[in-house]
Amino acid sequence: MTIEQAQTTVDEWIKTTGVRYFSELTNMAMLTEEVGEVARLIARQYGEQSFKESDKGRELGDELADVLFVVICLANQTGVNLTEALARNLAKKTQRDATRHHNNPKLKDL
């Protein structure tokens, strides 16, 4: 699925199953909540935190998909074409960071 297809699919889902988009402010709060769930899972899978019973069965891919869903909702309701925005963003990063990371001693192999 392309990003454009994802935006269309989410829009169709919202209009049929979800009834309507939540407000931008509500979706921003939901995005924060979903990112927190990703952080919680990563802290337990890759960090020192131990799992609680309520954490078991959660999958990182599913939690990241929740984040992506809300990002797509925000893009759709604010008129952002994510395909175009991502292409512009990558071009900006490529120009700005052409040598920056190569010259970072913290990223050199040990």
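M28 sits in helix α2 (residues 24–45). Helices here are DSSP runs of H or I with at least four residues, numbered from the N terminus. M28 is partly exposed, at 41% relative accessibility. Buried means under 20% relative accessible area, exposed over 50%, and partly exposed in between, with a 1.4 Å probe and protein chains only. From M28 to Q49 the C-alpha distance is 27 Å, across 21 residues of sequence.

The model is predicted: local features need pLDDT of at least 70, side-chain atom pairs count only at pLDDT 80 or more, and totals for chains, interfaces and linings use all residues. Residues are numbered from 1 along each chain as its sequence is written, and side-chain values use heavy atoms, with hydrogens and water left out.

**Helix packing**

Helix α1 (residues 3–16) packs on helix α3 (residues 60–78) at about 85°, with the axes 9 Å apart. So α1 is roughly perpendicular to α3, a label for angles of 65 to 115 degrees. Axes are lines fitted to C-alpha atoms, for helices over the stretch in contact, and angles run from 0 to 180 degrees between N-to-C directions. On the α1 side the contact includes W13 and I14; on the α3 side, F69 and I72. Contact means heavy atoms within 4.5 Å.

α1 also packs on helix α4 (residues 82–96), at about 145° and with axes 8 Å apart. I3, E4 and Q7 of α1 meet L82, T83 and L86 of α4.

**Cores**

The largest nonpolar core has eight residues: A6, V10, I14, Y21, I72, C73, A75 and L82. Such a core is a set of buried Ala, Val, Leu, Ile, Met, Phe, Trp, Tyr and Cys residues joined through side-chain atoms within 4.5 Å. α1 and α3 each give two or more residues to this core. A second, separate core has five residues, including V38, V67, V70 and L74.

**Salt bridges**

There are eight salt bridges, each with a side-chain nitrogen of Lys or Arg within 4 Å of a carboxyl oxygen of Asp or Glu. Among them are these:

| Pair | Closest N and O atoms |
|---|---|
| R58 and E37 | 3.7 Å |
| R40 and D55 | 2.7 Å |
| K56 and E53 | 3.5 Å |

R40 lies in α2 and D55 in the loop between α2 and α3, so the pair ties together parts 15 residues apart in sequence. D55 is buried, at 3%, whereas R40 is partly exposed, at 31%. K56 and E53 are exposed. E37, R58 and E63 are linked in a network of salt bridges.

Methods
Angles under 35 degrees count as roughly parallel, over 145 as roughly antiparallel, 65 to 115 as roughly perpendicular and the rest as oblique.
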